Amino acid sequence: QRYETQQMHQDGTLIDVEITAFAVTDGTGNPSGATTITRDITKRMRAERALSDSDERYREILDSTPDGVWRLDAEGRTDYVNPRMASMLRYSPEEMIGRQLVDFMDPEQFEIARQEMARVRGSGWFAIVENRFLRKDGTECWVRVSHTALTDHQGEHTGDLAIMSDITASKAQAVE
């Protein structure tokens, strides 16, 4: 049996330990005692807590930014949207996960976006463009998109990341 706990070190500090316990049996198979192995896992636990804290800070930043954040995987499926992005299009983040970009645009705008994304992937740079999306209720949502392609260490395309600002109101004023 294995479990993690904290124990008091000789110097009085608490340390994180992993304890593995083994039953000891006599020659007839009856339990006659136990043996334990105790391993100090304090460094690992500190690293795990630091990673968790870091994840929380990044999530807090992404969840509270006034801009939409949208990430697509290599196949073009949504694998992350922050609450602001979902709100702009009047969806919940859960409703957007797993869906393609085309699900949120009319075909003409999607073709424009697709070509721009391909251009950015080929250049290794980023682009700032304006696109028209369709909200859940069918109304238009104009956004200024800052888009970059994502790659792994070998330079293989792994997805796309976009930061989006809602410019629908300024587009409507320009028409008036």
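Biologist: Which residues does Leu101 touch, not counting residues up to four places away in sequence?
Modeller: This is a predicted model: local features need pLDDT of at least 70, side-chain atom pairs pLDDT 80 or more, while totals for chains, interfaces and linings use all residues. Residues are numbered from 1 along each chain as its sequence is written, and side-chain values use heavy atoms, without hydrogens and water. Contact means heavy atoms within 4.5 Å. On that basis Leu101 touches Trp70, Leu72, Gly76, Phe110, Ala113, Met117 and Phe133.

Biologist: Which residues have the most contacts inside the largest nonpolar core?
Modeller: A nonpolar core is a set of buried Ala, Val, Leu, Ile, Met, Phe, Trp, Tyr and Cys residues joined through side-chain atoms within 4.5 Å; buried means under 20% relative accessible area, exposed over 50% (1.4 Å probe, protein chains only). The largest has 20 residues, and those with the most contacts inside it are Trp70, Leu89, Met96, Leu101, Phe133 and Met164.

Biologist: How far apart are the end C-alpha atoms of helix H4?
Modeller: Helices (H or I, at least four residues) and strands (E, at least two) are DSSP runs, numbered from the N terminus. The expected span is 1.5 Å times one less than the number of residues. For the 17 residues of H4 (107-123) this gives 24 Å, which agrees with the end-to-end distance of 24 Å.

Biologist: What arc do the buried residues of H4 cover?
Modeller: They are Gln109, Ala113, Glu116, Met117 and Val120. They lie on the same side of H4, because their arc (directions from the helix axis to the C-beta atoms) is only 100 degrees.
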